Amino acid sequence: MWRKPWLRPICRGGRRIGREWKVPDPRYPDMPDTARKPEAPAPEVEEGRVLFAQPVRFLLGVAAVSQLPAATLPEVAFAGRSNVGKSSLINALVGRKALARTSKTPGRTQELNFFDLGGRLMLVDLPGYGYAAAPRKKVAAWSGLVRDYLRGRPNLRQVCLLLDARHGAKTGDLEIMELLAGAAVPFLPVLTKADLLRREALATRLAEIAALARERRAALPEPLVTSARLGYGIAELRTKLAAIAGPPNRGG
Ligand SMILES: Nc1nc2c(ncn2[C@@H]2O[C@H](COP(=O)(O)OP(=O)(O)OP(=O)(O)O)[C@@H](O)[C@H]2O)c(=O)[nH]1
Ligand SMILES: [Mg+2]
(Lines give C-alpha, C1' and ligand atoms only; values in the text may rest on other atoms or scores of the structure.)
(Ligands and ions follow the chains in the order given, each with its own letter.)
Protein backbone atom coordinates (compact mmCIF):
# COMPACT_ATOMS: atom_id res chain seq x y z
CA MET A 1 0.00 0.00 0.00
CA TRP A 2 2.96 2.33 0.61
CA ARG A 3 4.38 2.77 -2.88
CA LYS A 4 6.96 5.22 -1.62
CA PRO A 5 8.01 3.80 1.76
CA TRP A 6 10.47 6.68 2.42
CA LEU A 7 7.45 9.00 2.62
CA ARG A 8 5.83 6.91 5.34
CA PRO A 9 7.43 8.66 8.33
CA ILE A 10 6.68 12.06 6.87
CA CYS A 11 3.03 11.16 6.40
CA ARG A 12 2.90 10.10 10.01
CA GLY A 13 4.29 13.42 11.15
CA GLY A 14 7.85 12.17 11.44
CA ARG A 15 11.12 13.88 10.55
CA ARG A 16 14.67 12.88 9.88
CA ILE A 17 17.16 13.18 12.71
CA GLY A 18 20.69 12.30 11.63
CA ARG A 19 20.38 9.15 9.58
CA GLU A 20 17.17 8.02 11.21
CA TRP A 21 13.53 8.86 10.72
CA LYS A 22 11.69 9.59 13.91
CA VAL A 23 7.95 9.27 14.20
CA PRO A 24 6.36 10.90 17.24
CA ASP A 25 5.11 8.57 19.89
CA PRO A 26 1.29 8.67 19.45
CA ARG A 27 0.89 8.62 23.24
CA TYR A 28 2.74 11.93 23.57
CA PRO A 29 2.00 13.78 20.31
CA ASP A 30 3.30 17.13 21.55
CA MET A 31 6.46 15.90 23.16
CA PRO A 32 9.61 16.90 21.30
CA ASP A 33 12.14 14.17 20.62
CA THR A 34 14.55 15.73 23.04
CA ALA A 35 12.06 15.84 25.92
CA ARG A 36 13.19 13.70 28.78
CA LYS A 37 11.21 12.60 31.74
CA PRO A 38 11.41 15.51 34.23
CA GLU A 39 13.60 14.81 37.21
CA ALA A 40 11.74 13.99 40.39
CA PRO A 41 11.73 16.94 42.82
CA ALA A 42 13.89 16.72 45.93
CA PRO A 43 12.02 15.13 48.86
CA GLU A 44 11.84 18.41 50.83
CA VAL A 45 10.33 20.22 47.83
CA GLU A 46 7.79 17.44 47.56
CA GLU A 47 7.00 17.86 51.27
CA GLY A 48 6.27 21.53 50.67
CA ARG A 49 4.04 20.72 47.74
CA VAL A 50 2.12 18.10 49.69
CA LEU A 51 1.68 20.42 52.69
CA PHE A 52 0.25 23.23 50.59
CA ALA A 53 -2.01 20.84 48.70
CA GLN A 54 -3.84 20.23 52.01
CA PRO A 55 -7.25 21.82 52.43
CA VAL A 56 -6.97 25.31 53.85
CA ARG A 57 -9.74 27.10 55.71
CA PHE A 58 -10.25 30.56 57.06
CA LEU A 59 -10.52 30.14 60.82
CA LEU A 60 -11.20 33.66 62.08
CA GLY A 61 -10.34 37.33 61.93
CA VAL A 62 -9.06 38.87 65.13
CA ALA A 63 -9.31 42.54 66.12
CA ALA A 64 -8.06 42.25 69.72
CA VAL A 65 -5.45 40.10 71.44
CA SER A 66 -8.16 38.62 73.67
CA GLN A 67 -9.74 36.99 70.60
CA LEU A 68 -6.66 35.04 69.50
CA PRO A 69 -7.32 31.34 68.79
CA ALA A 70 -5.74 28.62 70.92
CA ALA A 71 -2.00 28.42 70.38
CA THR A 72 -1.96 24.78 69.35
CA LEU A 73 -0.55 24.61 65.81
CA PRO A 74 2.85 25.89 64.72
CA GLU A 75 2.22 29.34 63.30
CA VAL A 76 3.78 31.48 60.59
CA ALA A 77 2.80 35.12 60.17
CA PHE A 78 3.14 37.32 57.08
CA ALA A 79 4.16 40.83 58.05
CA GLY A 80 5.11 43.86 56.01
CA ARG A 81 4.13 47.32 54.92
CA SER A 82 0.67 47.95 53.60
CA ASN A 83 0.27 46.81 49.99
CA VAL A 84 3.55 44.84 49.93
CA GLY A 85 1.67 41.71 48.84
CA LYS A 86 1.08 39.68 52.03
CA SER A 87 -2.41 38.47 51.15
CA SER A 88 -1.40 37.80 47.54
CA LEU A 89 1.56 35.69 48.68
CA ILE A 90 -0.67 33.59 50.95
CA ASN A 91 -3.04 33.03 48.04
CA ALA A 92 -0.14 31.98 45.79
CA LEU A 93 1.16 29.57 48.43
CA VAL A 94 -2.16 27.80 48.85
CA GLY A 95 -2.97 28.01 45.14
CA ARG A 96 -6.20 29.94 45.65
CA LYS A 97 -7.14 33.20 43.97
CA ALA A 98 -9.06 34.89 46.74
CA LEU A 99 -8.67 33.04 50.01
CA ALA A 100 -7.04 36.09 51.59
CA ARG A 101 -8.58 39.32 50.33
CA THR A 102 -6.27 41.56 48.34
CA SER A 103 -6.64 45.06 46.99
CA LYS A 104 -4.91 47.74 44.94
CA THR A 105 -5.52 50.23 47.74
CA PRO A 106 -3.41 49.83 50.89
CA GLY A 107 -5.07 48.91 54.15
CA ARG A 108 -7.15 46.02 52.81
CA THR A 109 -6.40 43.58 55.64
CA GLN A 110 -7.59 45.16 58.87
CA GLU A 111 -7.59 42.19 61.23
CA LEU A 112 -5.27 39.30 61.97
CA ASN A 113 -6.65 36.60 59.69
CA PHE A 114 -5.96 32.99 60.65
CA PHE A 115 -5.90 30.21 58.05
CA ASP A 116 -5.62 26.58 59.11
CA LEU A 117 -3.58 24.56 56.61
CA GLY A 118 -4.54 20.91 56.90
CA GLY A 119 -4.36 20.99 60.70
CA ARG A 120 -0.57 21.21 60.37
CA LEU A 121 0.28 24.89 60.10
CA MET A 122 -1.51 28.15 60.88
CA LEU A 123 -0.94 30.95 58.35
CA VAL A 124 -1.58 34.44 59.70
CA ASP A 125 -2.24 37.35 57.35
CA LEU A 126 -1.42 40.56 59.25
CA PRO A 127 -2.62 44.09 58.59
CA GLY A 128 0.13 46.14 56.98
CA TYR A 129 1.99 48.96 58.67
CA GLY A 130 3.03 52.34 57.30
CA TYR A 131 -0.27 53.24 55.72
CA ALA A 132 -0.48 56.97 56.29
CA ALA A 133 -3.84 57.58 54.64
CA ALA A 134 -5.89 55.58 57.18
CA PRO A 135 -7.36 57.37 60.20
CA ARG A 136 -4.65 57.77 62.84
CA LYS A 137 -6.61 56.04 65.57
CA LYS A 138 -7.17 53.02 63.35
CA VAL A 139 -3.50 52.77 62.39
CA ALA A 140 -2.47 52.97 66.05
CA ALA A 141 -4.93 50.19 66.91
CA TRP A 142 -3.69 47.90 64.10
CA SER A 143 -0.03 48.42 64.78
CA GLY A 144 -0.59 47.96 68.53
CA LEU A 145 -2.39 44.69 67.84
CA VAL A 146 0.27 43.46 65.39
CA ARG A 147 3.07 44.31 67.83
CA ASP A 148 1.35 42.64 70.79
CA TYR A 149 0.73 39.57 68.69
CA LEU A 150 4.30 39.36 67.35
CA ARG A 151 5.75 39.85 70.83
CA GLY A 152 3.58 37.48 72.80
CA ARG A 153 2.51 34.55 70.64
CA PRO A 154 4.10 31.39 72.06
CA ASN A 155 3.52 29.17 68.99
CA LEU A 156 4.74 31.75 66.46
CA ARG A 157 7.58 29.82 64.86
CA GLN A 158 8.51 32.24 62.14
CA VAL A 159 7.59 35.52 60.52
CA CYS A 160 7.86 36.04 56.78
CA LEU A 161 8.83 39.69 56.59
CA LEU A 162 7.78 40.92 53.18
CA LEU A 163 9.71 43.71 51.49
CA ASP A 164 8.71 45.22 48.18
CA ALA A 165 11.59 44.41 45.81
CA ARG A 166 11.28 47.91 44.33
CA HIS A 167 11.66 49.71 47.64
CA GLY A 168 13.69 47.49 49.98
CA ALA A 169 13.57 47.88 53.76
CA LYS A 170 12.02 51.08 55.18
CA THR A 171 11.83 52.45 58.71
CA GLY A 172 8.73 50.41 59.64
CA ASP A 173 10.46 47.22 58.49
CA LEU A 174 13.57 47.96 60.55
CA GLU A 175 11.38 48.56 63.60
CA ILE A 176 9.66 45.21 63.16
CA MET A 177 13.07 43.53 62.79
CA GLU A 178 14.08 45.04 66.15
CA LEU A 179 10.86 43.94 67.77
CA LEU A 180 11.29 40.38 66.48
CA ALA A 181 14.87 40.26 67.72
CA GLY A 182 13.61 41.36 71.16
CA ALA A 183 10.93 38.65 71.12
CA ALA A 184 13.37 36.01 69.77
CA VAL A 185 11.08 35.25 66.82
CA PRO A 186 13.05 34.34 63.68
CA PHE A 187 12.10 36.10 60.47
CA LEU A 188 12.67 35.32 56.83
CA PRO A 189 13.08 38.35 54.56
CA VAL A 190 10.92 37.81 51.48
CA LEU A 191 11.19 40.16 48.52
CA THR A 192 7.85 40.54 46.73
CA LYS A 193 6.74 41.70 43.27
CA ALA A 194 10.01 40.58 41.67
CA ASP A 195 8.25 40.67 38.30
CA LEU A 196 8.32 44.48 38.41
CA LEU A 197 12.12 44.72 38.40
CA ARG A 198 14.84 44.01 35.89
CA ARG A 199 17.20 41.21 36.69
CA GLU A 200 20.17 43.45 37.59
CA ALA A 201 18.13 45.70 39.87
CA LEU A 202 16.74 42.63 41.58
CA ALA A 203 20.21 41.19 42.15
CA THR A 204 21.36 44.48 43.71
CA ARG A 205 18.30 44.61 45.98
CA LEU A 206 18.77 41.00 47.03
CA ALA A 207 22.42 41.62 47.95
CA GLU A 208 21.40 44.69 49.95
CA ILE A 209 18.74 42.80 51.91
CA ALA A 210 21.05 39.83 52.47
CA ALA A 211 23.66 42.20 53.95
CA LEU A 212 21.06 43.86 56.14
CA ALA A 213 19.79 40.48 57.33
CA ARG A 214 23.29 39.30 58.24
CA GLU A 215 23.43 42.13 60.76
CA ARG A 216 20.18 41.09 62.46
CA ARG A 217 20.13 38.44 65.11
CA ALA A 218 16.65 37.19 64.31
CA ALA A 219 17.03 36.98 60.52
CA LEU A 220 17.06 33.57 58.89
CA PRO A 221 19.68 33.19 56.19
CA GLU A 222 18.97 33.53 52.48
CA PRO A 223 16.27 36.08 51.74
CA LEU A 224 13.78 34.78 49.24
CA VAL A 225 12.76 36.43 45.98
CA THR A 226 9.12 35.97 45.04
CA SER A 227 6.44 37.06 42.64
CA ALA A 228 2.93 36.02 43.58
CA ARG A 229 1.89 37.12 40.11
CA LEU A 230 4.27 34.83 38.23
CA GLY A 231 4.77 32.15 40.85
CA TYR A 232 8.51 32.78 41.39
CA GLY A 233 9.90 31.48 44.64
CA ILE A 234 6.60 29.97 45.73
CA ALA A 235 7.80 26.35 45.74
CA GLU A 236 10.88 27.46 47.65
CA LEU A 237 8.83 29.21 50.30
CA ARG A 238 6.53 26.19 50.60
CA THR A 239 9.61 24.04 51.16
CA LYS A 240 10.88 26.31 53.92
CA LEU A 241 7.51 26.43 55.65
CA ALA A 242 7.10 22.66 55.49
CA ALA A 243 10.12 22.43 57.78
CA ILE A 244 8.19 24.12 60.61
CA ALA A 245 4.77 22.51 60.02
CA GLY A 246 3.40 19.80 62.27
CA PRO A 247 3.54 16.16 61.16
CA PRO A 248 1.03 14.86 58.60
CA ASN A 249 -2.22 13.66 60.14
CA ARG A 250 -2.06 9.95 59.59
CA GLY A 251 -5.16 7.86 59.15
CA GLY A 252 -7.44 10.87 59.53
N1 LIG B 1 3.13 42.94 40.01
C2 LIG B 1 2.81 42.33 41.14
N3 LIG B 1 1.82 42.83 41.91
C4 LIG B 1 1.52 42.18 43.05
C5 LIG B 1 2.20 41.01 43.47
N6 LIG B 1 1.70 40.62 44.66
C7 LIG B 1 0.73 41.50 44.97
N8 LIG B 1 0.61 42.44 44.02
C9 LIG B 1 -0.36 43.56 43.98
O10 LIG B 1 -0.12 44.41 45.09
C11 LIG B 1 -1.35 44.92 45.60
C12 LIG B 1 -1.45 44.66 47.08
O13 LIG B 1 -1.53 43.28 47.30
P14 LIG B 1 -2.08 42.68 48.67
O15 LIG B 1 -1.80 41.21 48.64
O16 LIG B 1 -3.49 43.10 48.91
O17 LIG B 1 -1.12 43.41 49.71
P18 LIG B 1 -1.16 43.35 51.31
O19 LIG B 1 0.25 43.40 51.78
O20 LIG B 1 -1.98 42.20 51.78
O21 LIG B 1 -1.88 44.74 51.64
P22 LIG B 1 -2.65 45.18 52.99
O23 LIG B 1 -3.61 44.09 53.36
O24 LIG B 1 -3.34 46.44 52.59
O25 LIG B 1 -1.60 45.41 54.03
C26 LIG B 1 -2.45 44.27 44.77
O27 LIG B 1 -2.85 45.17 43.75
C28 LIG B 1 -1.78 43.06 44.18
O29 LIG B 1 -2.33 42.66 42.95
C30 LIG B 1 3.25 40.50 42.61
O31 LIG B 1 3.91 39.49 42.85
N32 LIG B 1 3.50 41.21 41.46
MG1 LIG C 1 -3.60 42.11 52.96
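Biologist: How do the residues of the shell around ligand 1 divide into nonpolar, polar and charged?

Modeller: In this predicted model, the shell comprises 5 nonpolar, 13 polar and 6 charged residues. Gly85, Ser88, Thr102, Thr109 and Gly128 come nearest to ligand 1 among the 24 residues around it. Glycine counts as polar here, so Gly85 and Gly128 belong to the polar class.

Biologist: How do you know that the reach of helix α4 is close to the one expected?

Modeller: Helix α4 spans residues 136–152, which is 17 residues. The expected span is 1.5 Å times one less than the number of residues, which for α4 gives 24 Å. From first C-alpha to last, α4 reaches 24 Å, so the description holds.

Biologist: What makes Trp142, Leu145 and Leu150 of α4 buried?

Modeller: A residue is called buried if 20 or more other C-beta atoms lie within 10 Å of its own; Trp142, Leu145 and Leu150 are buried in that sense. The cover over the buried residues of α4 includes β4, β5, β7 and α5.

Biologist: Why are the buried residues of α4 said to line one face of the helix?

Modeller: Seen down the axis of α4, they fall within an arc of 125 degrees, and therefore line one face. On the other side, Arg136, Lys137, Ala140, Gly144 and Gly152 are exposed.

Biologist: At what angle do α4 and α5 pack?

Modeller: The angle is about 30 degrees, with the axes 8 Å apart. Arg147, Leu150 and Arg151 in α4 meet Leu179, Leu180 and Ala183 in α5. This contact has 4 nonpolar, no polar and 2 charged residues.

Terms used
Residues are numbered from 1 along each chain as its sequence is written. Chains are lettered from A and ligands numbered from 1 in the order in which they are written. This is a predicted model: local features need pLDDT of at least 70, side-chain atom pairs count only at pLDDT 80 or more; totals for chains, interfaces and linings use all residues. Helices (H or I, at least four residues) and strands (E, at least two) are DSSP runs, numbered from the N terminus. A residue is buried if 20 or more other C-beta atoms lie within 10 Å of its own, exposed if 12 or fewer, and partly exposed in between; C-beta atoms are placed from the backbone. The arc is that of the directions from the helix axis to the C-beta atoms. Two residues are in contact if their C-beta atoms, placed from the backbone, lie within 7 Å. Axes are lines fitted to C-alpha atoms, for helices over the stretch in contact, and angles run from 0 to 180 degrees between N-to-C directions. A residue is near a molecule or strand if its C-beta atom, placed from the backbone, lies within 6 Å of it.
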